[in-house]
Amino acid sequence: MLQTIDYHAILPELILAGAAVLVLVVDLFLAPARKWIAMPLSVLGVGGAFAALVTLVSGDERRTFCLDRVTLVVGKLNSCSYVVDDFAIIMKMIFLGSAFVVLLLSLDHFNDAHLYQGEYYFLLLCSFFGMLTMASSRDLIMLFISLEIVSVPGFIISGLRKSDSRSTESAIKFFLIGVLSTAVMLFGMSIVYGMTGSVQLETIAQVLARTDFVRTPAMAAAVALVIVGFAFKVSAAPFHFWAPDTYQGAPVPVAAFLSVASKAAGFTGLIVVCSVGLRPYAFVWGPLLAVLATLTMTLGNLVAVQQRHMVRLLAYSSIGQAGYMLVPLSLAATAHPSPKLLNDAIAATVAYIAIYAVLNLGVFGCVIAVARRTPRNLVADYRGLARTSPFLAGAIAFFMLGLAGVPPALAGLVAKVYVFRSAIDNKMSWLAAVMAVNTIVAGWYYLRIAFTVFAGVGEPAGEAPLERPRVPVALVAAIGISVVAAVAIGFYPELVFRYGPGLALR
(Lines give C-alpha, C1' and ligand atoms only; values in the text may rest on other atoms or scores of the structure.)
Protein backbone atom coordinates (compact mmCIF):
# COMPACT_ATOMS: atom_id res chain seq x y z
CA MET A 1 0.00 0.00 0.00
CA LEU A 2 1.42 3.39 -1.02
CA GLN A 3 1.45 6.13 1.60
CA THR A 4 2.42 9.77 1.40
CA ILE A 5 4.84 10.92 4.08
CA ASP A 6 4.82 14.43 5.53
CA TYR A 7 8.54 14.96 5.93
CA HIS A 8 8.03 18.38 7.50
CA ALA A 9 6.09 16.73 10.33
CA ILE A 10 8.96 14.37 11.10
CA LEU A 11 11.79 16.84 10.39
CA PRO A 12 12.84 17.29 14.07
CA GLU A 13 13.15 13.54 14.45
CA LEU A 14 15.14 13.23 11.22
CA ILE A 15 17.59 15.93 12.31
CA LEU A 16 18.10 14.39 15.76
CA ALA A 17 18.59 10.91 14.29
CA GLY A 18 21.10 12.30 11.79
CA ALA A 19 22.97 14.06 14.60
CA ALA A 20 23.14 10.80 16.58
CA VAL A 21 24.68 8.94 13.63
CA LEU A 22 27.08 11.82 12.96
CA VAL A 23 28.28 11.80 16.58
CA LEU A 24 28.94 8.06 16.47
CA VAL A 25 30.86 8.26 13.18
CA VAL A 26 32.91 11.34 14.09
CA ASP A 27 33.88 9.78 17.42
CA LEU A 28 35.66 6.99 15.54
CA PHE A 29 38.21 9.49 14.19
CA LEU A 30 38.77 11.56 17.34
CA ALA A 31 41.82 11.22 19.54
CA PRO A 32 41.07 10.40 23.20
CA ALA A 33 41.85 13.97 24.25
CA ARG A 34 39.30 15.32 21.75
CA LYS A 35 36.41 12.98 22.46
CA TRP A 36 34.57 15.87 24.14
CA ILE A 37 33.80 17.28 20.67
CA ALA A 38 30.92 14.80 20.52
CA MET A 39 29.05 16.98 23.02
CA PRO A 40 29.03 20.21 20.90
CA LEU A 41 27.93 18.15 17.91
CA SER A 42 25.08 16.77 20.01
CA VAL A 43 24.10 20.29 21.06
CA LEU A 44 24.00 21.35 17.40
CA GLY A 45 21.74 18.39 16.65
CA VAL A 46 19.39 19.28 19.49
CA GLY A 47 19.38 22.92 18.37
CA GLY A 48 18.60 21.94 14.79
CA ALA A 49 15.74 19.70 15.93
CA PHE A 50 14.36 22.53 18.08
CA ALA A 51 14.55 24.97 15.15
CA ALA A 52 12.65 22.49 12.96
CA LEU A 53 10.07 22.07 15.72
CA VAL A 54 9.52 25.83 15.89
CA THR A 55 8.50 25.81 12.23
CA LEU A 56 5.64 23.47 13.17
CA VAL A 57 4.26 25.67 15.95
CA SER A 58 2.23 28.15 13.89
CA GLY A 59 0.81 25.61 11.44
CA ASP A 60 -2.24 23.39 11.70
CA GLU A 61 -2.23 19.88 13.08
CA ARG A 62 -0.23 17.59 10.81
CA ARG A 63 -0.81 13.88 10.30
CA THR A 64 1.22 11.28 8.48
CA PHE A 65 1.44 7.49 8.11
CA CYS A 66 -2.34 7.37 7.76
CA LEU A 67 -4.50 4.42 6.84
CA ASP A 68 -8.04 4.46 5.44
CA ARG A 69 -10.11 1.65 6.85
CA VAL A 70 -13.72 0.53 6.59
CA THR A 71 -15.05 -1.44 9.54
CA LEU A 72 -18.46 -2.89 10.26
CA VAL A 73 -18.49 -1.27 13.68
CA VAL A 74 -17.48 2.34 13.12
CA GLY A 75 -17.61 2.77 9.34
CA LYS A 76 -14.88 4.54 7.43
CA LEU A 77 -11.93 5.81 9.44
CA ASN A 78 -8.82 7.76 8.62
CA SER A 79 -6.48 6.68 11.39
CA CYS A 80 -2.97 8.05 11.49
CA SER A 81 0.01 6.63 13.33
CA TYR A 82 1.82 9.94 13.66
CA VAL A 83 0.22 13.24 14.69
CA VAL A 84 1.88 16.59 15.35
CA ASP A 85 -0.57 18.62 17.45
CA ASP A 86 -0.21 21.13 20.29
CA PHE A 87 0.36 18.40 22.87
CA ALA A 88 3.10 16.76 20.81
CA ILE A 89 4.84 20.09 20.15
CA ILE A 90 4.85 21.13 23.81
CA MET A 91 6.16 17.75 24.98
CA LYS A 92 8.86 17.81 22.31
CA MET A 93 9.92 21.27 23.49
CA ILE A 94 10.21 19.91 27.04
CA PHE A 95 12.28 16.94 25.79
CA LEU A 96 14.63 19.03 23.68
CA GLY A 97 15.07 21.61 26.44
CA SER A 98 15.89 18.79 28.86
CA ALA A 99 18.31 17.33 26.31
CA PHE A 100 20.20 20.61 26.10
CA VAL A 101 20.58 20.87 29.88
CA VAL A 102 21.53 17.19 30.27
CA LEU A 103 24.24 17.65 27.64
CA LEU A 104 25.65 20.60 29.59
CA LEU A 105 25.60 18.53 32.77
CA SER A 106 27.44 15.70 31.02
CA LEU A 107 30.36 17.50 29.34
CA ASP A 108 32.90 17.81 32.16
CA HIS A 109 31.62 14.81 34.13
CA PHE A 110 32.26 12.34 31.30
CA ASN A 111 35.38 14.11 30.05
CA ASP A 112 37.04 14.04 33.47
CA ALA A 113 36.05 10.42 34.08
CA HIS A 114 37.36 9.34 30.64
CA LEU A 115 34.17 7.42 29.98
CA TYR A 116 32.83 6.41 26.59
CA GLN A 117 31.81 9.86 25.43
CA GLY A 118 30.97 9.13 21.80
CA GLU A 119 28.85 6.12 22.71
CA TYR A 120 27.19 8.03 25.56
CA TYR A 121 26.13 11.00 23.45
CA PHE A 122 24.96 8.71 20.64
CA LEU A 123 22.80 6.68 23.03
CA LEU A 124 21.50 9.82 24.72
CA LEU A 125 20.39 11.32 21.40
CA CYS A 126 18.79 7.99 20.44
CA SER A 127 16.79 8.03 23.65
CA PHE A 128 15.62 11.58 23.04
CA PHE A 129 14.71 10.58 19.48
CA GLY A 130 12.39 7.97 21.00
CA MET A 131 10.85 10.64 23.19
CA LEU A 132 10.08 12.84 20.20
CA THR A 133 8.35 9.99 18.37
CA MET A 134 6.54 9.01 21.57
CA ALA A 135 4.76 12.37 21.75
CA SER A 136 3.35 11.96 18.23
CA SER A 137 2.63 8.23 18.25
CA ARG A 138 -1.03 7.34 17.85
CA ASP A 139 -0.95 3.56 17.54
CA LEU A 140 0.15 0.82 19.90
CA ILE A 141 3.06 -0.37 17.75
CA MET A 142 4.53 3.13 17.42
CA LEU A 143 4.11 3.71 21.15
CA PHE A 144 5.79 0.45 22.03
CA ILE A 145 8.73 0.97 19.67
CA SER A 146 9.19 4.56 20.84
CA LEU A 147 9.17 3.50 24.48
CA GLU A 148 11.81 0.85 23.81
CA ILE A 149 13.97 3.35 21.93
CA VAL A 150 13.79 5.50 25.07
CA SER A 151 14.49 2.64 27.47
CA VAL A 152 17.21 0.52 25.85
CA PRO A 153 19.85 3.31 25.67
CA GLY A 154 19.05 4.04 29.32
CA PHE A 155 19.95 0.46 30.28
CA ILE A 156 23.36 0.90 28.68
CA ILE A 157 24.34 4.39 29.80
CA SER A 158 23.38 3.67 33.41
CA GLY A 159 26.18 1.07 33.48
CA LEU A 160 28.93 2.95 31.63
CA ARG A 161 31.19 2.87 34.70
CA LYS A 162 32.09 -0.77 34.09
CA SER A 163 34.72 -0.89 36.83
CA ASP A 164 32.16 0.18 39.46
CA SER A 165 30.20 -2.76 40.83
CA ARG A 166 27.36 -0.49 41.96
CA SER A 167 26.99 0.89 38.45
CA THR A 168 26.88 -2.61 36.98
CA GLU A 169 24.34 -3.69 39.57
CA SER A 170 22.15 -0.67 38.88
CA ALA A 171 22.22 -1.31 35.13
CA ILE A 172 21.28 -4.97 35.59
CA LYS A 173 18.38 -4.09 37.90
CA PHE A 174 17.21 -1.43 35.50
CA PHE A 175 17.39 -3.86 32.59
CA LEU A 176 15.58 -6.71 34.35
CA ILE A 177 12.76 -4.51 35.64
CA GLY A 178 12.53 -2.80 32.26
CA VAL A 179 12.14 -6.13 30.48
CA LEU A 180 9.47 -7.18 32.97
CA SER A 181 7.50 -3.97 32.49
CA THR A 182 7.79 -4.33 28.72
CA ALA A 183 6.41 -7.87 28.87
CA VAL A 184 3.47 -6.79 31.06
CA MET A 185 2.64 -3.85 28.81
CA LEU A 186 2.97 -5.84 25.60
CA PHE A 187 0.70 -8.57 26.96
CA GLY A 188 -1.95 -5.94 27.75
CA MET A 189 -1.58 -4.33 24.32
CA SER A 190 -1.94 -7.71 22.62
CA ILE A 191 -5.26 -8.31 24.40
CA VAL A 192 -6.46 -4.82 23.42
CA TYR A 193 -5.60 -5.61 19.80
CA GLY A 194 -7.29 -8.99 19.99
CA MET A 195 -10.48 -7.52 21.43
CA THR A 196 -10.73 -4.50 19.13
CA GLY A 197 -9.01 -5.72 15.97
CA SER A 198 -6.86 -2.61 15.64
CA VAL A 199 -3.65 -1.04 16.90
CA GLN A 200 -4.73 2.49 15.90
CA LEU A 201 -5.68 4.39 19.06
CA GLU A 202 -8.49 6.34 17.41
CA THR A 203 -10.02 3.16 16.05
CA ILE A 204 -9.68 1.42 19.41
CA ALA A 205 -11.47 4.29 21.16
CA GLN A 206 -14.36 4.24 18.69
CA VAL A 207 -14.72 0.47 18.90
CA LEU A 208 -14.76 0.57 22.71
CA ALA A 209 -17.28 3.41 22.71
CA ARG A 210 -19.77 1.92 20.25
CA THR A 211 -19.87 -1.76 21.11
CA ASP A 212 -20.79 -3.71 24.22
CA PHE A 213 -19.11 -7.03 23.56
CA VAL A 214 -15.69 -5.69 24.53
CA ARG A 215 -16.83 -4.55 27.97
CA THR A 216 -15.58 -7.72 29.58
CA PRO A 217 -13.26 -8.57 32.47
CA ALA A 218 -10.61 -9.53 29.92
CA MET A 219 -10.62 -6.02 28.43
CA ALA A 220 -10.52 -4.43 31.88
CA ALA A 221 -7.55 -6.65 32.75
CA ALA A 222 -5.81 -5.63 29.52
CA VAL A 223 -6.24 -1.94 30.35
CA ALA A 224 -4.85 -2.57 33.84
CA LEU A 225 -1.81 -4.39 32.41
CA VAL A 226 -1.04 -1.50 30.06
CA ILE A 227 -1.28 0.98 32.94
CA VAL A 228 0.95 -1.20 35.13
CA GLY A 229 3.54 -1.34 32.34
CA PHE A 230 3.67 2.44 32.20
CA ALA A 231 3.72 2.58 36.01
CA PHE A 232 7.07 0.77 35.90
CA LYS A 233 8.39 3.33 33.43
CA VAL A 234 7.42 6.34 35.56
CA SER A 235 8.56 4.60 38.79
CA ALA A 236 5.13 4.68 40.39
CA ALA A 237 4.77 2.66 43.60
CA PRO A 238 4.72 -0.27 44.09
CA PHE A 239 6.64 -0.59 40.80
CA HIS A 240 9.35 1.87 41.79
CA PHE A 241 11.97 -0.40 43.37
CA TRP A 242 14.43 -0.15 40.46
CA ALA A 243 14.76 3.64 40.64
CA PRO A 244 16.77 4.35 43.85
CA ASP A 245 19.52 1.79 43.14
CA THR A 246 19.72 2.77 39.48
CA TYR A 247 19.96 6.50 40.21
CA GLN A 248 22.64 5.96 42.86
CA GLY A 249 24.76 3.59 40.78
CA ALA A 250 24.54 5.45 37.47
CA PRO A 251 26.66 8.51 36.60
CA VAL A 252 24.92 11.55 38.08
CA PRO A 253 24.06 13.12 34.68
CA VAL A 254 22.42 9.82 33.74
CA ALA A 255 20.43 9.92 36.99
CA ALA A 256 19.30 13.44 36.05
CA PHE A 257 18.27 12.16 32.62
CA LEU A 258 16.31 9.24 34.08
CA SER A 259 14.58 11.34 36.72
CA VAL A 260 13.37 13.99 34.28
CA ALA A 261 13.38 13.15 30.58
CA SER A 262 12.82 9.41 30.85
CA LYS A 263 10.05 9.90 33.41
CA ALA A 264 8.41 12.56 31.21
CA ALA A 265 8.49 10.12 28.28
CA GLY A 266 6.65 7.52 30.36
CA PHE A 267 3.99 10.06 31.31
CA THR A 268 3.67 11.10 27.67
CA GLY A 269 2.90 7.54 26.63
CA LEU A 270 0.49 7.14 29.53
CA ILE A 271 -1.37 10.33 28.58
CA VAL A 272 -1.63 9.33 24.91
CA VAL A 273 -2.87 5.80 25.63
CA CYS A 274 -5.42 6.84 28.24
CA SER A 275 -6.80 9.98 26.62
CA VAL A 276 -6.91 8.73 23.02
CA GLY A 277 -7.22 4.96 22.88
CA LEU A 278 -8.64 3.96 26.26
CA ARG A 279 -10.86 6.95 26.98
CA PRO A 280 -14.06 4.82 27.11
CA TYR A 281 -12.39 2.71 29.80
CA ALA A 282 -11.68 5.65 32.12
CA PHE A 283 -13.78 3.88 34.75
CA VAL A 284 -10.94 1.32 34.92
CA TRP A 285 -7.74 3.35 34.54
CA GLY A 286 -8.97 6.38 36.48
CA PRO A 287 -9.40 4.69 39.88
CA LEU A 288 -6.25 2.67 39.24
CA LEU A 289 -4.27 5.87 38.68
CA ALA A 290 -5.80 7.40 41.82
CA VAL A 291 -4.58 4.44 43.89
CA LEU A 292 -1.16 4.58 42.25
CA ALA A 293 -0.95 8.33 42.90
CA THR A 294 -1.74 7.84 46.58
CA LEU A 295 0.76 5.01 47.05
CA THR A 296 3.46 6.70 45.01
CA MET A 297 3.48 10.09 46.70
CA THR A 298 3.12 8.57 50.17
CA LEU A 299 5.83 5.93 49.88
CA GLY A 300 8.24 8.18 47.98
CA ASN A 301 8.07 11.00 50.52
CA LEU A 302 8.12 8.82 53.64
CA VAL A 303 11.22 6.93 52.49
CA ALA A 304 12.94 10.10 51.24
CA VAL A 305 12.82 11.54 54.78
CA GLN A 306 15.14 8.75 55.96
CA GLN A 307 17.77 9.05 53.21
CA ARG A 308 21.31 10.26 53.87
CA HIS A 309 22.68 9.92 50.32
CA MET A 310 21.80 12.91 48.16
CA VAL A 311 21.14 11.08 44.86
CA ARG A 312 19.12 8.40 46.64
CA LEU A 313 17.09 11.11 48.36
CA LEU A 314 16.40 12.73 44.98
CA ALA A 315 15.40 9.32 43.61
CA TYR A 316 12.69 8.91 46.23
CA SER A 317 11.80 12.57 45.78
CA SER A 318 11.20 11.92 42.07
CA ILE A 319 8.97 8.99 43.01
CA GLY A 320 6.91 11.28 45.23
CA GLN A 321 6.73 13.88 42.46
CA ALA A 322 5.47 11.20 40.07
CA GLY A 323 2.56 10.70 42.45
CA TYR A 324 1.64 14.38 42.13
CA MET A 325 1.77 14.10 38.32
CA LEU A 326 -0.67 11.17 38.43
CA VAL A 327 -3.27 13.13 40.40
CA PRO A 328 -4.75 15.18 37.50
CA LEU A 329 -5.06 12.12 35.25
CA SER A 330 -6.86 10.14 37.94
CA LEU A 331 -9.35 13.01 38.30
CA ALA A 332 -10.46 12.48 34.71
CA ALA A 333 -12.04 9.18 35.70
CA THR A 334 -15.27 10.56 37.14
CA ALA A 335 -17.59 8.19 35.29
CA HIS A 336 -17.22 9.32 31.66
CA PRO A 337 -14.81 12.23 31.43
CA SER A 338 -15.89 15.16 29.30
CA PRO A 339 -13.41 16.51 26.73
CA LYS A 340 -12.91 19.64 28.86
CA LEU A 341 -12.24 17.64 32.03
CA LEU A 342 -9.75 15.40 30.27
CA ASN A 343 -8.12 18.37 28.58
CA ASP A 344 -7.69 20.18 31.92
CA ALA A 345 -6.14 17.04 33.40
CA ILE A 346 -3.66 16.77 30.53
CA ALA A 347 -2.78 20.48 30.79
CA ALA A 348 -2.17 20.20 34.55
CA THR A 349 0.06 17.15 34.13
CA VAL A 350 2.07 18.70 31.29
CA ALA A 351 2.57 21.93 33.25
CA TYR A 352 3.72 20.01 36.32
CA ILE A 353 6.15 17.95 34.20
CA ALA A 354 7.64 21.12 32.72
CA ILE A 355 8.13 22.81 36.09
CA TYR A 356 9.47 19.64 37.71
CA ALA A 357 11.96 19.20 34.86
CA VAL A 358 13.35 22.70 35.35
CA LEU A 359 13.73 22.34 39.13
CA ASN A 360 15.06 18.79 39.19
CA LEU A 361 17.66 19.32 36.46
CA GLY A 362 18.88 22.35 38.41
CA VAL A 363 19.22 20.29 41.59
CA PHE A 364 21.19 17.58 39.80
CA GLY A 365 23.46 20.24 38.33
CA CYS A 366 24.28 21.40 41.85
CA VAL A 367 24.81 17.80 43.00
CA ILE A 368 27.30 17.21 40.18
CA ALA A 369 29.17 20.38 41.16
CA VAL A 370 29.39 19.42 44.85
CA ALA A 371 30.39 15.83 43.96
CA ARG A 372 33.55 17.17 42.33
CA ARG A 373 34.73 18.02 45.87
CA THR A 374 33.01 15.29 47.92
CA PRO A 375 32.33 12.23 45.73
CA ARG A 376 30.45 10.44 48.54
CA ASN A 377 27.45 12.71 47.88
CA LEU A 378 26.12 12.43 51.42
CA VAL A 379 23.62 15.00 52.64
CA ALA A 380 26.06 15.81 55.46
CA ASP A 381 28.61 16.95 52.86
CA TYR A 382 26.36 19.90 52.02
CA ARG A 383 26.53 21.38 55.50
CA GLY A 384 27.86 24.93 55.39
CA LEU A 385 28.23 24.92 51.61
CA ALA A 386 27.42 28.64 51.60
CA ARG A 387 30.83 29.33 53.19
CA THR A 388 32.76 28.15 50.16
CA SER A 389 30.23 28.52 47.34
CA PRO A 390 27.34 30.94 47.93
CA PHE A 391 26.19 30.47 44.33
CA LEU A 392 25.74 26.70 44.70
CA ALA A 393 24.19 27.03 48.16
CA GLY A 394 21.70 29.62 46.96
CA ALA A 395 20.83 27.56 43.88
CA ILE A 396 20.29 24.37 45.92
CA ALA A 397 18.10 26.22 48.42
CA PHE A 398 16.09 27.80 45.61
CA PHE A 399 15.46 24.50 43.83
CA MET A 400 14.58 22.70 47.07
CA LEU A 401 12.09 25.40 47.97
CA GLY A 402 10.61 25.06 44.49
CA LEU A 403 10.22 21.29 44.79
CA ALA A 404 8.60 21.83 48.19
CA GLY A 405 6.25 24.44 46.72
CA VAL A 406 7.40 27.18 49.09
CA PRO A 407 8.00 30.85 48.17
CA PRO A 408 10.11 32.57 46.97
CA ALA A 409 10.46 29.72 44.45
CA LEU A 410 7.05 30.41 42.96
CA ALA A 411 7.20 27.91 40.08
CA GLY A 412 6.79 24.89 42.37
CA LEU A 413 4.03 26.63 44.31
CA VAL A 414 2.13 27.40 41.11
CA ALA A 415 2.38 23.77 39.97
CA LYS A 416 1.08 22.36 43.24
CA VAL A 417 -1.73 24.91 43.50
CA TYR A 418 -2.87 24.02 39.99
CA VAL A 419 -3.02 20.31 40.86
CA PHE A 420 -4.74 21.04 44.19
CA ARG A 421 -7.34 23.16 42.44
CA SER A 422 -8.05 20.46 39.87
CA ALA A 423 -8.63 17.95 42.69
CA ILE A 424 -10.97 20.25 44.59
CA ASP A 425 -12.88 21.39 41.50
CA ASN A 426 -13.59 17.76 40.58
CA LYS A 427 -14.84 16.89 44.08
CA MET A 428 -11.88 14.59 44.84
CA SER A 429 -11.21 16.18 48.20
CA TRP A 430 -9.78 12.96 49.68
CA LEU A 431 -7.05 12.94 47.05
CA ALA A 432 -6.37 16.63 47.67
CA ALA A 433 -6.05 15.85 51.40
CA VAL A 434 -3.57 13.04 50.71
CA MET A 435 -1.53 15.38 48.52
CA ALA A 436 -1.61 18.09 51.21
CA VAL A 437 -0.25 15.72 53.85
CA ASN A 438 2.46 14.50 51.49
CA THR A 439 3.41 18.07 50.61
CA ILE A 440 4.03 18.72 54.29
CA VAL A 441 6.13 15.55 54.63
CA ALA A 442 8.12 16.42 51.51
CA GLY A 443 8.60 19.95 52.75
CA TRP A 444 10.44 18.56 55.77
CA TYR A 445 13.32 17.01 53.84
CA TYR A 446 13.42 19.69 51.14
CA LEU A 447 13.65 22.46 53.72
CA ARG A 448 16.16 20.45 55.77
CA ILE A 449 18.56 20.47 52.84
CA ALA A 450 17.88 24.15 52.13
CA PHE A 451 18.83 24.97 55.74
CA THR A 452 21.78 22.55 55.76
CA VAL A 453 23.67 24.41 53.03
CA PHE A 454 23.54 27.58 55.15
CA ALA A 455 24.18 25.90 58.52
CA GLY A 456 27.02 27.36 60.52
CA VAL A 457 27.70 30.21 58.10
CA GLY A 458 28.07 32.72 60.92
CA GLU A 459 30.34 30.48 63.00
CA PRO A 460 34.14 30.73 62.90
CA ALA A 461 35.74 28.50 60.27
CA GLY A 462 37.52 25.39 61.48
CA GLU A 463 41.21 24.64 61.13
CA ALA A 464 40.65 22.85 57.80
CA PRO A 465 37.99 24.75 55.88
CA LEU A 466 36.27 22.97 53.04
CA GLU A 467 37.77 23.37 49.60
CA ARG A 468 35.84 25.63 47.26
CA PRO A 469 34.18 23.52 44.52
CA ARG A 470 35.48 24.25 41.03
CA VAL A 471 32.39 24.55 38.87
CA PRO A 472 32.99 24.25 35.10
CA VAL A 473 31.41 26.77 32.75
CA ALA A 474 29.02 24.23 31.20
CA LEU A 475 27.76 23.26 34.64
CA VAL A 476 27.29 26.88 35.67
CA ALA A 477 25.36 27.45 32.43
CA ALA A 478 23.06 24.48 33.11
CA ILE A 479 22.33 25.63 36.66
CA GLY A 480 21.86 29.22 35.51
CA ILE A 481 19.42 28.20 32.77
CA SER A 482 17.38 26.22 35.31
CA VAL A 483 17.30 29.15 37.74
CA VAL A 484 16.25 31.63 35.06
CA ALA A 485 13.57 29.28 33.71
CA ALA A 486 12.18 28.63 37.21
CA VAL A 487 12.08 32.35 38.04
CA ALA A 488 10.42 33.13 34.70
CA ILE A 489 7.73 30.49 35.23
CA GLY A 490 7.18 31.67 38.81
CA PHE A 491 6.52 35.27 37.78
CA TYR A 492 4.87 34.43 34.46
CA PRO A 493 3.03 31.07 34.82
CA GLU A 494 1.39 31.55 31.44
CA LEU A 495 4.64 30.25 29.94
CA VAL A 496 3.45 26.73 30.77
CA PHE A 497 -0.28 27.21 31.40
CA ARG A 498 -1.40 29.32 28.46
CA TYR A 499 -1.42 26.36 26.07
CA GLY A 500 -3.80 24.29 28.18
CA PRO A 501 -6.91 24.83 26.00
CA GLY A 502 -5.09 23.47 22.95
CA LEU A 503 -3.86 20.24 24.53
CA ALA A 504 -6.91 18.12 23.77
CA LEU A 505 -5.76 14.90 22.15
CA ARG A 506 -7.77 13.58 19.24
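**Entry 1: the second largest pocket**

I began with the second largest pocket, which holds about 440 Å³ of space. The model is predicted, so I note its limits: local features need pLDDT of at least 70, side-chain atom pairs count only at pLDDT 80 or more, and totals for chains, interfaces and linings use all residues. Residues are numbered from 1 along each chain as its sequence is written, and side-chain values use heavy atoms, with hydrogens and water left out.

I looked up the terms next. On a 1 Å grid over the protein atoms alone, a pocket is an open set of points with protein on both sides within 12 Å along at least five of seven lines, a cavity is a set of points where a 1.4 Å probe fits but cannot get out, and lining residues have an atom within 4 Å of a point. Grid points are joined across faces, edges and corners, and a volume is the space filled by probe spheres set on the points.

I found 19 residues in the lining of the second largest pocket; His-109, Arg-161, Val-252, Ala-371 and Pro-375 are the closest to its centre. H3, helix H9 (243–249) and H13 each supply at least two lining residues. Helices here are DSSP runs (H or I, at least four residues), numbered from the N terminus. H3 gives the largest share, four residues. I sorted the lining into eight nonpolar, four polar and seven charged residues. Ala, Val, Leu, Ile, Met, Phe, Trp, Tyr, Cys and Pro count as nonpolar, Asp, Glu, Lys and Arg as charged, and the others, Gly among them, as polar.

**Entry 2: the largest pocket**

I turned to the largest pocket, with about 780 Å³ of space. Of its 26 lining residues, Met-93, Ile-94, Ala-354, Leu-495 and Val-496 are the closest to its centre. Helices H3 (86–113), H13 (339–371), H18 (473–491) and H19 (494–497) give two or more residues each. Which helix gives the largest share of this lining? H3 does, with 10 residues. By class I have 21 nonpolar, three polar and two charged residues.

**Entry 3: cavities**

I counted five cavities of 30 Å³ or more. The largest cavity holds about 120 Å³. It is lined by 14 residues, and Ser-151, Phe-174, Phe-232, Lys-233 and Trp-242 lie nearest its centre. Helix H5 (140–157), helix H6 (165–196), H8 and helix H10 (252–277) each supply at least two of the lining residues. The classes are eight nonpolar, five polar and one charged.

**Entry 4: H8 against H11**

I checked how helix H8 (residues 217–233) packs with helix H11 (residues 282–304): the angle is about 35° and the axes are 10 Å apart. Axes are lines fitted to C-alpha atoms, for helices over the stretch in contact, and angles run from 0 to 180 degrees between N-to-C directions. H8 brings Ala-220, Val-223, Ala-224, Ile-227 and Ala-231 to the contact, and H11 brings Val-284, Trp-285, Leu-288, Leu-289 and Leu-292. Contact means heavy atoms within 4.5 Å. I list 10 nonpolar residues there, no polar and no charged.

**Entry 5: two single residues**

I found Ala-290 in helix H11. Why does Ala-290 count as buried? Its relative accessibility is 5%, and buried means under 20% relative accessible area (1.4 Å probe, protein chains only). Leaving aside neighbours within four places in sequence, Ala-290 is in contact with Ser-330, Trp-430 and Leu-431.

Asp-27 is in helix H1 (residues 11–27). Asp-27 counts as buried because its relative accessibility is 5%. Not counting residues up to four places away in sequence, Asp-27 touches Lys-35, Gly-118 and Glu-119.

Methods: Buried means under 20% relative accessible area, exposed over 50%, partly exposed in between (1.4 Å probe, protein chains only).
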